[in-house]
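Here is a friendly walk through one chain of a model. Take a look at the sequence and the structure first, and then read on.

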Amino acid sequence: MATASETSVVPTHNESATKWWTRFLDPSERTLAVLLLAPAALLLALIIVYPVCRLVWTSFQNLSLTSGVPAEFAGLENYRLMLDDPVFWETTWNTVLITLITVPGALFVGLAMALMANLPFKTKWPVRLSLLIPWALPLSFAGLIFAWFFHSEYGVVNDVLRRLGFEGVIWFNSANWAFAAICLTIIWKTSSFMALIILAGLQTIPRSLYEAAEVDGAGRMRQFFEITLPLLKPAIVVALIFRTITALQTFDIPFTMTRGGPGTSTATLAMYIHQNTVDFLDLGYGSALAVVMFALSMCVTAVYLRMIRAKG
Amino acid sequence: MNAEAPTQHSFLSGTPLRILVGLILVVNGMFPALWILFTSLKTEAELTAKPITWLPHAPTIANYLRAFTDQPLLLFLFNSFMVAILSTALTLFISVLAAYALARLQLRARDLILSAIIAVSTFPLVTLLVPLFEIMRALNLLNTWVALILPYTVLSLPVCTLILVSFFEGIPRDLENSAMIDGCTRIGALFKVVVPLSAPGVFTAGILAFVNAWDEFLLALSFNSNPMLRTLPVGITLYQGEFAFPWPVISAALVVGIVPVAVLIVIFQERVVSGLTSGGIKG
């Protein structure tokens, strides 16, 4: 530790350097680093590291707070139950389907929005604000607002459909329509975040590249596919990782729009975890479900990391 | 969506087309919030009229009065506000310290710690619902603000730390050194020189942390079952009408909940954009 303080740029104090409180206020570089990082480390230990260990442990336990029976080791019992549980399969499938629909959906809509927002508007704030508002809106608010949009009697969606001469749809009575409404809402809510990230990427592409392509006679489509898209790739990959991981955790929007209904046809894995934990107080089973979700999101991270590395 | 929209500025730069494109973006972004505002200003009779009206014919604030009297909306607002402010303060304090260590001190494990921070930012907090529920229960923290403040702090810690590291790295070391020659301790120099000079970064990080906390739903729903401790999103979602879902009241409550974040976004829009696009982000 003495060597660390010698290499630091801190000027040495001549007077009272030996007093303990001075040393505490002006410690060696390494001690200081430990002190500064300690609060973050402690918090992460309490809220992430310890809970992860506890999660895996609890998933092998028979732990239901309603039964009053003390926790006992149950081996793979929870996981075996899960395989025979049709609701587990349904909610997992719904989660995967939501991810497969809304992530590419948000990417395409977001890309289109970013390209549109990149035009040279004279006043920039209305467009910037229109991209920020959907991002800042709580997911649960978006769910409630769109539930009102899709209201079968008084919703604006059915109103527009009727004005266009179609029949109104009773969105939340049918599994498929309810699912479609949820996916549309998620895409609306998340595409503006995609657009912001992609827009930032677009603005780093030097204009000169396009001018050079123009000289070489490359058309706009070719410029888009050979300059814009490849240079946007890093921004898109980052946005996709975050979006996919949050899509796997989808809870707020289906909860506020349908509560998982009709039946459990629009319930997600996160909703099933919540139900088992908070409503049924079956912590063992809830943990086993969470381990599955954890594994799913680890797979996503791994796939993306490999993609980044493979294509450099 | 226009498949041919190019990134360079010659095409589509004709003013009417550009206005149209701008209008599409503005309508897409603003319409839902505007629609809920219109809804909140309509009378119950107008809301259930067919065909539905778009603009309110006889604007009324009755729904707002009911929103505050039917349910403890003010209390929900207060809970949300306190949880968001306190977790933002805690996040900023912890991430200022950590970011300073990462930006300024010679750390052998620096890269490892940075990767760990990025890993935490992609961590699915939902999966920890059960163990966090157990921990909060064991610590007797269920139905308190603290049960939410601690996880929310973790939620925003990675982004805030990354933003602050990049800001701190841009502050010349000389300024800090001269403060220390003037008798400041290193910690003193951090809070008297580095943090004030990084004010834009601290602000950006703070806004992101605030919005993250303001928006969170699942943990707030799970940990605080006491209606008096509900945050705004939970309180509004669990509003119970006498028969159907009380849309007039809900829409007014939603507007009340949107306003604080909207004000923040309007004032600090450029900061927020730079913060969102610089560090790792949560969607």
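Leaving aside residues up to four places away in sequence, B:L190 touches B:Y100 and B:V195; two residues are in contact if their C-beta atoms, placed from the backbone, lie within 7 Å. This is a predicted model, in which local features need pLDDT of at least 70 and side-chain atom pairs count only at pLDDT 80 or more, while totals for chains, interfaces and linings use all residues. Residues are numbered from 1 along each chain as its sequence is written, and chains are lettered from A and ligands numbered from 1 in the order in which they are written.

Now step back to the whole of chain B. Domain 1 covers 15-60 and domain 2 covers 72-278, with bounds from an automatic or database domain assignment. Their C-alpha centres lie 32 Å apart. Each domain of chain B gives 7 residues to the contact between them. On the side of domain 1, α1 (15-40) and α2 (44-47) of chain B each give two or more residues, and the largest share, 5 residues, comes from α1(B).

Terms used: Helices (H or I, at least four residues) and strands (E, at least two) are DSSP runs, numbered from the N terminus.
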